[in-house]
Structure formats: C-alpha cells, structure tokens
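Hi everyone, thanks for coming.

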Amino acid sequence: MDNITRRNNGMAYISDKSVMDQQKKARELTQKLNTMDRSDFEGLQAVVKELLGKSENAWINPPFYCDYGFNIEVGKNLFANYNCTILDVAKVKIGDNVLIAPNVSIYTAGHPVHADARKTGYEYGAPVTIGDNVWIGGNSIILPDVTIGSNSVVAAGSVVTKNVPEWSVVAGNPAKVIRKITDEDKQYYFKNKKFDDEAMAHIEDILSQDELPNLVNQ
C-alpha cells in the first residue's frame, strides 16, 4: 500500500516523495499569501479561496502555514488572525463564524511515542473538528483527534487534548471546562462590562437577519 493511501486511511505512514509532492501547491500558495501586500484585501482573499477551495468569506491574516490546504474544510465567515498554523495531514473541519486569534496552532499530525518506531520516519494523522461560532484564543494549541463543540470558547494559551462540549469555556494545559456559557453572557462584551442599549439593539437587529454580515468587507 502506498503512503498516500495509508495516510488517507488514517494509518501510520512515511512522508516519502509522493507525499511531499502533494504539499507543493500549498507551499506555493502560502508563500504567495505570506509575501503579498497586506493591504491588498481582495488579492489576499482570492489566494485564501484558492488554497482552501470551497469557502465563503474566509479571511486569513498572513502569515499562515499549512501542509496541504485541501484537507482544511471551512464554513462561512472564518477569521484566522496572524501566524496561524494548521498541520492538515488529516481532515480539519471548521464550522461557520469561527474566530481564530493570533498564534493558534491546529495539529492533526503526530509521531509514535517510542523512539525506535519514531526514528523510522513513521507518523500519523488524526482529524480535528471545530463547530460553529467557536472562538479560539491566542497562543492556543489544538491537538489531534479533538472535537470542539459549537458556541464554545478556548481561552488564550490553552492546550486542548480532549473534546470540548458545546457552550463551554475551556482553559489551561491540558484544557478543562471552567464554566458553561449561558444566555446571561449575551449582555456582556468583556468581563463585567455590558453592551450599551444602542449596541444591544444593533446586535438583536443583526441576529434577526437571515445572513450575518461579512465582517471583513462590511
């Protein structure tokens, strides 16, 4: 069995020439993205579209790094901030309206624990799934075989090693649930600071619409 087939089937594999050849397109596009004029918003968004394939209003602030690109599946309105790294050896599925803060890393790739197996070059990939409306805080790391439930928040600096329930705030290394998100949280924008009446009315108006606005070009 060739190594591409082994990788795609979730088996241990070796990154031989055929595997590395598949990474060339992503390397060309990330190089282009990372060296473009940062004020060329339309051009940057076009490269992101080419890199990720099917996507709607996806925005990535370069620099950005990934292995393949075609293994990253995103929903509507993705916003990934500076210095995001996605090792997409296995599938990375990201839902709608996901916010990724600076210096976030999402890893589907791993290596055997035992040195004798590891030094032979075998590695593996395990998928990562991120639900809708998730916010991943800065400097967080998402490890292989993790699912983050919709409407959850990963606090800055977290290392997520296990699945995250929906409507939860997780923090720490390893990340643990510190509380649930409730309807009361809707009126606050930071700690104990509440939205003013004008902003709250605007929020309700936006949420009443069939489609959320494109946050990049509104």
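**A serine and its surroundings**

Let's begin with Ser 55: leaving aside its neighbours within four places in sequence, Ser 55 is in contact with Lys 49 and Val 74, where contact means heavy atoms within 4.5 Å. Before going on, a word on what you are looking at: this is a predicted model, in which local features need pLDDT of at least 70 and side-chain atom pairs count only at pLDDT 80 or more, while totals for chains, interfaces and linings use all residues. Residues are numbered from 1 along each chain as its sequence is written, and side-chain values use heavy atoms, with hydrogens and water left out.

Where does Ser 55 lie? You'll find Ser 55 in the loop between α4 and β2 (59-60). Helices (H or I, at least four residues) and strands (E, at least two) are DSSP runs, numbered from the N terminus. Ser 55 has 9% relative accessibility and therefore counts as buried (under 20% relative accessible area, with exposed over 50% and partly exposed in between, using a 1.4 Å probe and protein chains only).

Now let's follow the chain back to the helices. The axes of α3 (residues 24-35) and α4 (residues 41-52) come within 10 Å and cross at roughly 165°; these axes are lines fitted to C-alpha atoms over the stretch in contact, with angles from 0 to 180 degrees between N-to-C directions. The two helices, α3 and α4, are therefore roughly antiparallel, a label for angles over 145 degrees. On the α3 side, the contact is made by Lys 25, Ala 26, Leu 29, Thr 30, Lys 32 and Leu 33, and on the α4 side by Leu 44, Val 47, Val 48, Glu 50 and Leu 51.

On to the strands, which pair if DSSP finds at least two bridges between them. An open sheet is built from 3 strands in the order β1-β11-β10, with antiparallel pairing. Which strands are at the edges? They are β1 (13-14) and β10 (109-110), each pairing on one side only. Between β10 and β11 (residues 122-125) there are 2 bridges, and Ala 109 stands opposite Gly 125 in β11.

Finally, please look at β18 (residues 168-171). It runs parallel to β16 (residues 153-154), joined by 2 bridges, and Val 170 of β18 is the bridge partner of Val 154. With β19 (residues 176-180), β18 runs antiparallel over 4 bridges, and here Val 170 stands opposite Val 177. A hairpin is formed by β18 and β19 with 4 residues between them, and Gly 172 in the turn has a positive phi of about 105°.

Methods. Parallel < 35°, antiparallel > 145°, perpendicular 65-115°, else oblique.
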